[in-house]
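Here's a quick briefing for anyone opening this structure for the first time. Have a look at the picture, then go through the points below.

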Amino acid sequence: MVAAPAGVRIRTRLRLTSGEARTLCEIGEFNGHLYRRELAMRIALGVLDRKGQGEHRAERKRALTIETSSRWAGAITRSVEDQYQTGMRTLGAHSRGLDAAIATLAARCALAPRERDGKVTGYRDLAERFGKTRRLSALRERAEQVHHALTEGSPVVVVGGKRLWRNRNHLAEAGVSEQQWRRVWDAARMFLTADGETGKLGGNETIRVAPGTGHLRIKVPAALADRFGTHLTIAAPVMFHHRIAEWRDRVTQSRAVRYDIAYDADRDRWYLDASWVIEPAPSASLSMIRTGRVLGVDLNDGHLATCVLDKSGNPVGAPTTIATAEQGCSASRRDGHLRAAITAVLDRAEYSGCCAIVIENLDFVDARFNGRETMGRGRRGKRFRRAVAGIPTARFRDRLSAMASRRGLAVVAVNPAYTSKAGNRYWRKPLQEQSKTSGLTVTAHHGAAVAIGRRGLGVKLSRHSSGPRHAQRSVPGQLSSSAKAAWRVRVAEGRPCSTTGSHGQLERFDGKHRPPVAKTVRAATERNSLVDQER
C-alpha cells in the first residue's frame, strides 16, 4: 500500500509594485547571504551527532537573531541542517552508484574479449576493452574522492543549482546573456522561507496573511529595519484558489502554516506558497481492496497503459492508452502533462467502480547509475538509457497517491518482476480478441497492465491452461484417476475388466484369457502403465 501524503502545499501569485518588489529582493538577498554563510560553516564542521547538531544550531540561532529576528534565524538554521543532511544522503547514493559501476566494469575487464564466465561476458574486442579500462581507472579515482568526502562529512552543495552554475561558462549554448543569467542566479539564491508556529496569529509571525483582508505582512530583518521599517505590507490582497477552505480554517484557528516566497526571473513574477501538515485518512486494508475491482496501470516512456480487472483478475472492457509528456518538453510542461494523465486515470477508475489503482514499484536507481555499463552501447543503448531515465517513476507515484487520496482511492505498488513478459505471453492475445469491436490495437503494455492488476489482487499472472486439466481428465498415455481406481477394484474382486480396443470399442476379459493385442501406441501405453502399477 502506498501511503497517502502527510502534507499540503498550495500556491498563488503575488501582485507587487516596483517598490515592494525591490524591498522584497533586498530582504531575500540579505537572508540568502546569511543562509549561505551558515551552510558553509556547517559543512566545515563535518559529521556531528544529535547532541552536537542541537548545540550548534542553538548557538548559531542566537548569533543570527542579532542580525535578523529569532524566527528568521530559526528558519535559516533549520534549512541549513536539512540541506546538509540532504547533501550527505546524495553523496552516499553517488558513492554506491560509483561502486556498482566499478564492480561491473572490473568483472568484464577481467575477461578476455568475448570470453564468458557465468552471466558475465567480456567486451566485444580489444579496443572496447581498452576504453573501458580507462573509464574504470577514472571511476576509481572519482570514487576515492567521494569516499573521502563522505568520511569527512563535506558534501558539495551549490545554492541555486549546479546546472545553473555550469551555464555561466556556456551562455551561448544556454541562449541567455550574462545579465539574464545573473537575474536567474540571484533569484534562485534568495531565502524567503518562514516556518509556521501554532498559537500565533495567522499561524505565522514572520510571513502572515490576514484571513479577513488577505493582506500579506513580512517581517523585515533587524539589519534592514532602519531603511524599510519593521514590517513590509503588500497592498494587493492575497487569495488562494486551491484548498482555500482548509487554509482559512488553519489561519483562523492559529494553527501552524509555513510560507515560502519565490521569484521567477524569466517571467518576472512573484509567488507565495503555503504548506501545512495533515493527518491522512485511514486507508482500506489490502484484503478489502481485493474484494472489488482494481485498475492496473503500466507506466511507460510517453504513455500509460491501463486495464480494469474484476476481483477474480479477469479484464473488464477494453484497455486504454493515456499519453504523457514527450521528451524535450520543459519541466513545468512535463509536470502538467503528468497531472492530466493522472486525472484521466482517476476518472476511469471512478467510472469503472474501482476501489484501488495498482502500479509497479519501479526503481531505476541502479539503471541510472550502472546503465551505461549494462544496458548496451552506441546510439541504441544511449536511447534506451535516456528513455529509462526519463520515466518519472517517483514523481508519478507521489502525484498519484496525493491525487487519489482526495478521491478516496487506494494505491497499491507491486513487484514489477516478469509483469511485461507474463502480460505479453498470456494476456495480449485475449485482450485483442476482446477488443475487436473497438478497433484498438492491443500492445504488450496493455497485457502488462493486466499482470500488474492481477498481482495486486493476489492471483497468479498467467491464465488457466486451455483444454482439460490433468486433475480432471486423462493425460495422453495414461488413464484418469477414476478409471485407475475402477481397474484396481475389478482386479481385486476378480471381475472382468474392460479396455479400449483399436477402434475405441470396449473389450472385456477376465484373468483366464489374455487380452487382445493392442493395435495402437496409445492403447499399448495405457495398458502397460496399468500392468506396471499392478505389479
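Which residue in β11 does Val-297 stand opposite? The residue opposite Val-297 is Thr-306. Keep in mind that this is a predicted model. With that said, let's begin with the sheet those strands belong to.

**The sheet**

- In general, strands of a sheet pair through backbone hydrogen bonds, either parallel or antiparallel.

**Strand by strand**

- β10 (residues 293–299) is mostly covered, with 6 of its 7 residues buried.
- On one pairing, β10 meets β11 (residues 303–309) in the antiparallel sense, over 6 bridges.
- These two strands form a hairpin with 3 residues between them, and Gly-302 in the turn has a positive phi of about 100°.
- β10 also runs parallel to β13 (residues 354–360), joined by 4 bridges. Here Leu-295 has Ile-357 of β13 as its bridge partner.
- β11 and β12 run antiparallel and are joined by 6 bridges. Leu-309 is partnered with Pro-315 in β12.
- β13 and β14 run parallel, with 5 bridges between them.

**A pair of packed helices**

- Helix α15 (residues 419–434) packs against helix α16 (residues 444–457) at an angle of about 110°, and their axes are 7 Å apart.
- That angle of about 110° makes α15 and α16 roughly perpendicular to each other.
- On the α15 side, the contact residues include Gly-423, Trp-427 and Leu-431. From α16, His-446, Val-450 and Arg-454 are among them.
- By type, the residues of this contact divide into 7 nonpolar, 6 polar and 3 charged.

**Nonpolar cores**

- As a general rule, in soluble globular proteins nonpolar side chains tend to be buried together.
- In this model, the largest nonpolar core has 47 residues. Those touching the most other members are Leu-216, Trp-247, Tyr-259, Ile-261, Trp-270 and Leu-272.
- Helix α1 (residues 18–45) gives the most to this core, supplying 8 residues.
- There's a second, separate core of 22 residues, and Leu-299, Leu-304, Leu-338 and Met-403 are among its members.

**A buried loop residue**

- Thr-206 lies in the loop between β4 (193–194) and β5 (207–209).
- Is Thr-206 buried or exposed? Its relative accessible area is 3%, so Thr-206 counts as buried, the cut-off being under 20%.
- Leaving aside neighbours within four places in sequence, Thr-206 is in contact with Arg-71, Trp-72, Ala-194, Arg-217, Ile-218 and Lys-219.

Conventions
Residues numbered from 1 in each chain as written. Predicted model: local features only at pLDDT ≥ 70, side-chain atom pairs only at ≥ 80, totals over all residues. Heavy atoms only, no water. Axes fitted to C-alpha atoms, helices over the stretch in contact; angles between N-to-C directions. Parallel < 35°, antiparallel > 145°, perpendicular 65-115°, else oblique. Contact = heavy atoms within 4.5 Å. Nonpolar A, V, L, I, M, F, W, Y, C, P; charged D, E, K, R; others polar. Buried < 20%, exposed > 50% of the residue type's maximum accessible area, 1.4 Å probe, protein only. Core = buried A, V, L, I, M, F, W, Y, C linked by side-chain atoms within 4.5 Å. Pairing = 2+ DSSP bridges.
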